[in-house]
Amino acid sequence: MSTRLSSGGRLVNRSATCEFTFNGKRFTGFEGDTLASALLANGQTLMGRSFKYHRPRGVVASGAEEPNALMGIGKDGKFEPNQRATTAELFDGMQATTQNHWPSLELDVGAVNSALPRFLPAGFYYKTFMFPRPFWKHVFEPVIRKSAGLGKAPKDRDVDRYEHFYAFVDVLIVGGGIAGLQAALTAGASGARVLLVEQTAAWGGRAAVDGVEIDGQAAGEWINNTIQELKNMSNVRIRTRAMGAGVYDHGYSLVYERLTDHAPETGGPRHRLWRVRATQIITATGAIERPLSFAGNDIPGVMLASAVRDYVVNWGVSPGDRTVVVTNNDDAYRTALALLDAGLSVPAIIDARADVTGDLPQALRARGVDIRTGTGIATVKGGKTVAGVSVCAQAGEGAATDEIACDVVAMSGGWSPVVHLWSHCGGKLIWDEDHAHFRPDPDRAPVTHDGTAFVRTAGAAHGTMSTLDVLDSAAKSAIAAVEAAGFKATQHDLPLTNDVVEAPMSPVWMMPQGAGPAKRMKMWLDYQNDVKVSDVMLAAQEGYESVEHTKRYTTLGMATDQGKLSNINGLATLAIALNEDIPQVGTTTFRPPYTPISMGSIAGEARHDVFQPIRRTPIHEWHEAHGAYMEPVGQWRRPYCYPRNGESHDDAVAREVLATRQSLGLLDASTLGKIIVKGPDAAKFLDMLYTNMMSSLKPGKCRYGLMCNENGFLMDDGVVVRLDDETFLVHTTSGGAEHTHGHMEDWLQCEWWDWKVHTVNVTEQWAQIAVVGPNARKLLEKLGADFDLSAEGLPFMGWSEGKLGGFDARVFRISFSGELSYEIAVPASQGRVFWDALHAEGAEFNATAYGTEALHIMRAEKGFIMIGDETDGTVIPQDLGLGWAISKKKEDYLGKRAQERSHMTDPKRWKLVGLETLDGSVLPDGSYAVADGTNANGQGNTQGRVTSTYHSPTLGKGIAMGLVLNGPDRMGETIQFNKVDGSTVATKIVNPVFYDPEGEKQNV
Amino acid sequence: MLILECPYCGVTADETELAAGGEAHLKRFGPGSSDEEFEGYLFHRQNPKGVHFERWRHANGCGKWFHAARCTASLEVFATYTAQIAEPPAEVIAAIRAKRPDWSPE
Amino acid sequence: MRRYSAFAIAREAARYHQGWERAWAAPEPKKHYDVIIVGAGGHGLATAFYLGKNFGITNVAVIEKGWLGGGNTGRNTTIIRSNYLQDPSAAIYEKARSLYETMSQDLNYNVMFSPRGVIMLAQTHHEVRGYQRTAHANALQGVKTEFISPQRVKELVPIIHLDGPRFPVLGGLWQDRGGTARHDAVAWGYARACSDMGMDILQKTEVTGVTSEGGKVTGVETTRGFIGCTKLGMVVAGHCGVLAEKAGFRLPVESVALQALVSEPIKPCMDVVVMANTVHGYMSQSDKGEMVIGGGTDAYNNYTQRGSFHHIEETVRALIETFPMISRLKMLRQWGGIVDVTGDRSPILSKTPIEGIFVNCGWGTGGFKAIPGSGWGFAELVAKGQSPLTDAFGLNRFREGRFIDESVAAGVAH
């Protein structure tokens, strides 16, 4: 069984223990352990259950590629499912639980016994569960969903914080092994800004585990010296626990830094997402060892040879007492050496190669280890643990020659460079026959904005394996990178290394080579998703020949490790099945992120109140203090109404309407868009922008105008004010200011660039308040103005400016309610005081603040249209009876040509009318006017629709506006509007102006 | 995440600082144009897999519209240039041809 | 074709599944077909299927540059719904939705249609009115939908947070027979059925040219030589503009990147599909347990099948606001597809200036849900020259100004 060795472990601090729980059991580990190494140290080899068959799973790897040992860590608001035990650093108090089993890890009733997988081959669910039809949703799918999935969903709100960093660097180097360190040294020496990131907590990668020496120094010493040297360079930044997550277009890249996962009680953000803009990127991301495909290779205790070595050397942990090494290359012999050095037993090395001649095998032979050449594993014995292996000839069909008792199998099928970051942004790969792996093709690198390569590779990620080549490739890539970034590189001398002579590896995609169907059903490719060699072969047999088809049909490589262990073996298996070469089969697409990153880190700090910016008027706080029920309008918050003392919203709205109509209402209209249009050609420009003639507007006057887009549809409306000959103030809708201003600039810069016009969006420079109602003028007079407020001095659709009650005010006499009404603009800084003054002086008139709903009702009572209600992007002014606002004299305006198209001039277009139900009820929002019969698709015919519908407090009944076929010609006719329950409401077509049709109230 | 250089303020801007505005150098057709001309102007867009002339606005910067010549397949940017021009300037055409010898303007 | 069933699986298990036959054949191209469909995605294969099933036209080839189902059919978020506002949209999407109901049985291939229900959240008063309008339109269109209260939303989606400080949930448009399906299986099921009818699916065959004589189509040049045809259907989504150019006409479409992402798989926590258009995010949970999340489109033309990360950020932010628990999930994978967007963001199913050439494109961000309806209508258009399902989606609408604008109520996402 696995245990802690009495000595060793270069990463653990034996003087600092950590208590932790695993499924509630108390265990002890050391600082520097990963959860996986600590579990092994406590003899816990069973660490999870597989996805499909719920098979027992042990840890197979020691790093980010781990597919099996996934745990839920933490509790309540700090619980996170699906964390890899191999990358979770142990801390005191850690609570870990295993996943995907019931009732317990040891006894999982979901586990499919050894016979059943035969009935559940790749894609079985496409072939069954079809009858009876409702059973999929109600029976099969719920069962499948429940057994699928991995960790439990977090229930509580995340209590942690996350943040974003921005970094601009000349060279981003991903990977802190000796390749990354060398690249950083070389790049740093040029003076370039360098960021070096390493996903684990330790620098140096595998070099120390593998006993590398550089320039006579042991790897650990060289690494420490190099880190010191890098720290002394002010132009170099280095970060551990920071993973290069993704490479995007034009050198944009993401680094995922895990700040407190290893120490959750420390303050500060949990994760930090770096958004790096790098001129050049070097991926020094190393390589990942491949499993071998032999029967029973998924039994807990079968591990990657490199992982076994890591546990022994890095953490002083023995995965087992007796380890059989199985390999097709020399590197795995390092594991045997490490085991022997730790005093552990290696009963045999099973090497698929016929000739085994390298320095490392010779060293093992010299130590008396039994090396079986030309052999393979026929099958692994055991259930939840390994009991032994049976050996066979690699060349045969798997007849066992003998059995070897062991509790660990250390396997190595060769190494695959980590090419993810290279590939994210379009880098291409080539097949390397010597190492049987795909490596980056330097001639087909990802290109940046100027078409040049911006990603380079170093070390094992480059496809080089010896220490000398690793360092050499790193220095060369760094030189190329800094030169591409405009720096001058200093050449580096090649270091001295202790590389041994390694004999070539020999590709082994199936063990033994001639294994039959029964064995192939027990050879796992993807451990987490339970995809076996037989599944890939079945996919090929059934015509799912594209590698993407095979992946999707079998789910190969779709687990949380995204195929880090399984991809190459899987596509080699597919190539064999198709009788094609591996490069012909190709790879699936590598997509970010390299390993999963938290959603929290992606969102960063933008949550809750700062999720999106909220725009506030100068009077916003008053609204909140007075109990306003706010509604979002674009980025603004506007008061919908101001309920008092338990009033319902409807009651509040009715009160606000009646108070305004009877005496005096006040509206915060500051959100209204305000754009200054100025210049010798301003009038000409507005004539193009609006359907009406604006050039004829006299200074001192206001005019309502309609703005269409070039496609003819009504886009915005508002009152245009001529401030002087060359200056106009354009009012837009609340949500429309930015869009309208952009629209103006688009035309001025890109079409009429020789017109002399300047525009400024001054929306937020002014507070604007509507003073509305029969007593409006009285209030203004009470405040006192240094300009004429009389009906003659400031007539309807006129404006004046001056001091009003001591405020610098522009007063526009315009009305959206049908009452005597002024909209008064004061500088934003005076807005709140002015509002307060209006309330104080208006108290005697029962001055009542009203919200957007009262505003809407009052405009509907007057038959005024509202952008967004009467319009929806498909309505033209002609539909709304606004022909009076469309100039017949102008040769051109935006949208004019569009409005001449056949569908726009079709007499059958629905036109605006007023609507009144016969019973006085309020028509449902969105209701359609039904017509006889159905159309060719069997849909009920329609002849109109409601655009606005309200209860009118003024009239005491429902009123509505709508668009109806031939509506204006059908006044008085009764038609039916639908309800969602299938019934209809009898409704009379009427004039849309329900209140004061003569306009007597606003014109006093 | 593209980077484009604003030819007005000289800032090398992230895509998030910019707003894309579709095909460049459209000729406006107004009243008096045929239905076909007007349809083409409003809706028919060059949609090449390759060199594309397009409009961008430095919306969260200097506010100016400008033009870019960009490859929609590799996302390479050949040049950015003024919006106040009816067709791509000769030096932009030359910059594209230097990179894409087989390409020719319509 | 040997039928798929539990019995067949049991029979095959006894012999280690050595007896399964190919799901679709890999034939050599013939010299001439009655109809060639370019593009073996869902829409193209469905068109071929209904040409055979409804019109007895089986001398058909479906030509595919890469692998079948490898475009947007295999990279979307698999949402199926038909709660559209405008009549022509509701007609074709509802036809599609109803065909999804029986697709597994019709194709003898389990496409895992899961009518778990779709909610579109209303988060502004404007959106409330918009969805109420859609509900009224749907009532007359024969599409079963309902506008529901925030409390009902919470019952259906317990993990939702109704009272976000920014955009509280004010209600939702609920379609209980909307849902999801297994996207690859839709393409594979149609391909298997087409192959069974004797149609040729020609993968790894790129169309390099379209030939016509006297304004009438005669065939296509391909990487496997010239293939003649009487009628040609172009169903190549993001690449339709490039193909139309080869045929000598232009389409009112632009190709942009649309992105999506999935989380790591977790145990079931959400049983319906939720779309939040105000904040631009939508999410469902796959049968595997992954949270499947749709993002936005870039505003610039792009053929790279990747997009800008800021869209992912915006989407994830929006969804954390709506579903706070996902903050501690991890993004497993993000990807992009190339979608073809038209002037009114509705599809084109139309005759073209060249006799015998028909085009089916412009599905933008919402094509998967339409696949069977699109195939049904387009097959009728190709076979008969007219179909009530496709009438409104003709190219002529852009000249006439007769748009089908769904952005009115539905916002941007599909």
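Contact here means heavy atoms within 4.5 Å. This is a predicted model, in which local features need pLDDT of at least 70 and side-chain atom pairs count only at pLDDT 80 or more, while totals for chains, interfaces and linings use all residues. Residues are numbered from 1 along each chain as its sequence is written, and chains are lettered from A in the order in which they are written.

Begin by selecting chain A and chain C together: 125 residues of chain A are in contact with 114 residues of chain C. About 10,500 Å² is buried between the two chains, with carbon and sulfur atoms giving 54% of that area; buried area is the accessible area (1.4 Å probe) that two parts lose on being put together, summed over both.

Next, select A:Asp160 and C:Arg328, which form a salt bridge whose closest N and O atoms are 2.8 Å apart; the term stands for a side-chain nitrogen of Lys or Arg within 4 Å of a carboxyl oxygen of Asp or Glu. Across this interface the rule finds twelve salt bridges.

Then turn to the largest nonpolar core, which has 203 residues, with A:Leu35, A:Phe294 and C:Tyr190 among those with the most contacts inside it. Such a core is a set of buried Ala, Val, Leu, Ile, Met, Phe, Trp, Tyr and Cys residues joined through side-chain atoms within 4.5 Å, where buried means under 20% relative accessible area (1.4 Å probe, protein chains only).

Finally, centre on A:Phe294: leaving aside neighbours within four places in sequence, its contacts include A:Val302, A:Ile377, A:Met411 and A:Lys522.

Technical notes. Heavy atoms only, no water. Buried < 20%, exposed > 50% of the residue type's maximum accessible area, 1.4 Å probe, protein only.
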